Amino acid sequence: MLKPINLTLGGDNYQLLPHTGFEAIDLHRKASGVIARMAGRFEVKSAGEAADIAAYYGVFETYSSAEYADILVSTLNRVTVVTVGKKNQALSDMERIAEHFQGRYDEMWTLVFMVWGEEKLIPFKIAPAMEQETEKSGNETMEMP
């Protein structure tokens with residue numbers, strides 16, 4: 001049986017029960033698609049944080065509302081908000097996600113990336129190896145072919 005993973009973000013505590021079976025494979029496909037689209041928008045030696053943020057959010061302009069909601073729900077549907085003294089709240093649908101993150105949408109996407117990282121989806125699994133390779137070669141940025 002899978003054990004829940006405890007996460008903390010922005011003063012909130014969360015428990016993630018990792019995705020399994022086809023749900024995990026499908027989440028991997030969606031996350032990889034997002035990361036691939038992002039990689040195509042970022043430039044080596046970016047002009048700064050504003051350019052990075054614009055590239056990051058610009059990826060989602062190509063998704064329909066249904067696709068956008070599907071990525072959020074399929075990622076966060078196994079996450080529960082744990083607040084001492086209150087009933088736990090599962091982030092099981094878009095209404096609950098929107099209500100919980102009202103005015104804190106940056107935290108919503110930070111939690112999405114935390115979930116993808118904890119579930120060791122391929123883009124996050126290879127990232128440490130890429131960082132080590134960069135350190136060994138002494139390069140600060142990766143050259144794109």
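Entry 1: Is tryptophan 109 buried or exposed? I looked up its relative accessibility and found 2%. Tryptophan 109 is therefore buried, since the cut-off is under 20%. I kept in mind that this is a predicted model.

**Entry 2: aromatic pairs.** I noted that a pair of aromatic rings is described by the distance of the centres and the angle of the planes. How many aromatic pairs are there? I got six. One of them joins phenylalanine 60 and tyrosine 63, with 5.8 Å centre to centre and 35° between the planes, so I wrote it down as tilted. Phenylalanine 60 is buried at 7% relative accessibility, and tyrosine 63 is buried at 14%.

Next I looked up tyrosine 68 and tryptophan 109, a tilted pair with 5.8 Å centre to centre and 50° between the planes. This pair links distant parts of the chain, 41 residues apart: tyrosine 68 sits in helix H3 and tryptophan 109 in helix H5. Tyrosine 68 is partly exposed, with a relative accessible area of 27%. I then found that Phe60, Tyr63, Tyr68 and Trp109 form one aromatic cluster.

**Entry 3: confidence.** The mean pLDDT of the protein chain is 79, and 70% of its residues reach 70 or more. Where is confidence lowest, and where highest? I found the lowest in helix H6 (residues 122–137), at a mean of 49, and the highest in strand E3 (residues 79–82), at 97. Over residues 128–145, pLDDT stays under 50, and I noted eight contacts there beyond four places in sequence.

Note on methods: Residues numbered from 1 in each chain as written. Predicted model: local features only at pLDDT ≥ 70, side-chain atom pairs only at ≥ 80, totals over all residues. Heavy atoms only, no water. pLDDT = per-residue confidence, 0-100. Helix = DSSP H or I, 4+ residues; strand = E, 2+ residues; numbered from the N terminus. Contact = heavy atoms within 4.5 Å. Phe/Tyr/Trp six-rings, centres within 6.5 Å; stacked < 30°, edge-to-face > 60°. Buried < 20%, exposed > 50% of the residue type's maximum accessible area, 1.4 Å probe, protein only.
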